[in-house]
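Dear colleague,

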Amino acid sequence: MEFEHVEGDLAKTLITEDELHAKLDELARQIESDYQGKDLLLVGVLRGAVMVMADLARALNRHIEMDWMAVSSYGSGTVSSGVVRILKDLDSDLTGRNVLIVEDIIDSGLTLSWLKANLESRGAASVEICTMLRKPDALKVEVDVKYCGFDIPNEFVIGYGLDYAEQYRNMRGIGVLAPHVYQ
Ligand SMILES: O=P(O)(O)OC[C@H]1O[C@H](OP(=O)(O)OP(=O)(O)O)[C@H](O)[C@@H]1O
Ligand SMILES: Nc1nc2[nH]cnc2c(=O)[nH]1
Ligand SMILES: [Mg+2]
């Protein structure tokens, strides 16, 4: 399913490319129905959400706008530092807008709970979250998620935007990294 040498770096494949796309179609239908007659601004969180954003945007049969933020709480490690930094802010004014934050993963929840509160404080009409993955056993703070693709076990995953030391983001499915890669 993947490019050369990647399979050997995986302990297992968790979600295939086909399963990701089927789920995105499902989420897109719900979003179309929920936002009927309303404007919709998708806010992607760089860099992990690039793949979800590109595929979700194309799965939606309606007008949308896209904007991007870059925040970081992980650096190059595998454990959240808990400190969220804005590396790139939005270009859009959020006043009166219906904002849907698009993310690859909610792990501790620290990034998204901080980001949702931050965007709500900017005068948006609504701020909701769409994430492809969530780790219920890793949550440190409650995050109100309206659209979630898959709940997954508490393991470090890679692929479909998710990196280990900036690599594997372009893997088409999602997998668990084999321990020998980071030991
Ligand atoms: O729920 P949390 O524990 O806060 O973790 C989730 C965040 O961590 C990852 O981003 P990261 O900060 O690693 O940057 P990246 O998107 O550029 O990979 C991921 O893309 C989420 O944004
Ligand atoms: N690559 C990757 N980044 C993350 N950021 C938060 N959780 C994860 C994870 O499981 N994998
Ligand atoms: Mg991210």
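R47 is placed in the loop between β2 and α2; helices (H or I, at least four residues) and strands (E, at least two) are DSSP runs, numbered from the N terminus. The peptide bond that leads from L46 to R47 is cis, with omega near -5°. For context, most residues other than glycine have a negative phi, and most peptide bonds are trans.

Please note that this is a predicted model, in which local features need pLDDT of at least 70 and side-chain atom pairs count only at pLDDT 80 or more, while totals for chains, interfaces and linings use all residues. Residues are numbered from 1 along each chain as its sequence is written, and chains are lettered from A and ligands numbered from 1 in the order in which they are written.

The protein contains four helices and nine strands, arranged along the sequence as β-α-β-α-β-β-β-α-β-β-β-β-α. Its C-alpha atoms fill a box of roughly 50 × 35 × 25 Å along the principal axes.

Six of the strands form an open sheet with mixed pairing, in the order β4-β3-β2-β5-β6-β7; two strands pair if DSSP finds at least two bridges between them. At the edges are β4 (85-88) and β7 (147-151), each of which pairs on one side only. Within the sheet, β2 (residues 41-46) and β5 (residues 98-106) pair in the parallel sense over four bridges, and L41 has V99 in β5 as its bridge partner.

Two residues in the loop between β8 (157-158) and β9 (174-177) deserve a separate mention: E166 and Y168. Phi is near 75° for E166, a positive value in a residue other than glycine, and about 80° for Y168, also positive although Y168 is not a glycine. E166 is exposed, with 8 other C-beta atoms within 10 Å, whereas Y168 is buried, with 22 such atoms within 10 Å. (A residue is buried if 20 or more other C-beta atoms lie within 10 Å of its own, exposed if 12 or fewer, and partly exposed in between; C-beta atoms are placed from the backbone.) Buried residues make up 31% of the 183 residues in the protein.

Finally, nine residues surround ligand 2, the closest being I105, D107, F156, V157 and L162; a residue counts as near if its C-beta atom, placed from the backbone, lies within 6 Å of the molecule.

Yours sincerely
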